[in-house]
Amino acid sequence: MNLFVEYFILFGGCFLAATILTFPSEVHHMALVVKTSSVWIPTLIATLGNTLGSITTFWLGRKGGEVAQKKISDQNKERYAKAVNYVQKYGPIALLISFVPLIGDVIVGVAGA
């Protein structure tokens with residue numbers, strides 16, 4: 001397979017791994033490291049994919065939060081306010097564990113909201 005295509009697949013896998021969708025990107029990353037005998041290029045591409053995936057999750061959380069605020073019921077406004085206060089208080093610290101599968105994606109999405 002063409003190396004460019006493999007890097008593109010690595011980027012896409014890392015992008016998906018950093019969103020709500022779960023995708024195991026580590027195996028492909030390590031395979032490319034072994035195949036190319038280089039750590040830097042596969043790691044740079046994986047980092048770029050993960051970063052853009054996290055930014056996308058944050059942006060989707062932001063847009064989802066805007067939509068939710070417009071359509072939220074009075075009963076849920078109180079819960080939403082509590083969640084916002086919680087994220088404002090613990091958000092920066094919680095984002096340090098955003099690498100944890102599933103939980104980290106939710107943390108990034110809620111931080112965006």
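**Helix packing around H3**

Tyr7, Leu10, Phe11, Cys14, Phe15 and Ala17 of H1 touch Ile41, Pro42, Ile45, Ala46, Leu48, Gly49, Asn50, Leu52, Gly53 and Thr56 of H3. Sorted by class, this contact between H1 and H3 holds 12 nonpolar residues, four polar ones and no charged residues. The model examined here is a predicted one. In it, helix H1 covers residues 3–17, and its axis comes within 7 Å of the axis of H3, with the two crossing at roughly 35°. The crossing in which H1 passes H3 is right-handed.

Two packed helices are described by the angle between their axes and the distance between the axes. Helix H3, made of residues 40–71, packs against helix H5, residues 103–112, at an angle of about 50°, and their axes lie 6 Å apart. H3 and H5 are therefore oblique to each other. H3 passes H5 in a right-handed crossing. On the H3 side, the contact is formed by Ser54, Thr57, Phe58, Gly61 and Arg62, while H5 contributes Asp105, Val108, Gly109, Ala111 and Gly112. Three nonpolar, five polar and two charged residues make up this contact of H3 with H5.

H4 runs over residues 74–94, and at 1.5 Å a residue its 21 residues should span 30 Å; the C-alpha atoms at its ends are 28 Å apart, which agrees. Along the way, H4 has a kink of about 45° at Gln88, shortly before the proline Pro92.

Note on methods: Residues are numbered from 1 along each chain as its sequence is written. This is a predicted model: local features need pLDDT of at least 70, side-chain atom pairs count only at pLDDT 80 or more; totals for chains, interfaces and linings use all residues. Side-chain values use heavy atoms; hydrogens and water are left out. Axes are lines fitted to C-alpha atoms, for helices over the stretch in contact, and angles run from 0 to 180 degrees between N-to-C directions. Helices (H or I, at least four residues) and strands (E, at least two) are DSSP runs, numbered from the N terminus. Angles under 35 degrees count as roughly parallel, over 145 as roughly antiparallel, 65 to 115 as roughly perpendicular and the rest as oblique. A crossing is left-handed if the near helix is turned anticlockwise from the far one by less than a right angle, and right-handed if clockwise. Contact means heavy atoms within 4.5 Å. Ala, Val, Leu, Ile, Met, Phe, Trp, Tyr, Cys and Pro count as nonpolar, Asp, Glu, Lys and Arg as charged, and the others, Gly among them, as polar. The expected span of a helix is 1.5 Å times one less than its number of residues. The bend at a residue is the angle between axes fitted to the seven residues ending there and the seven starting there.
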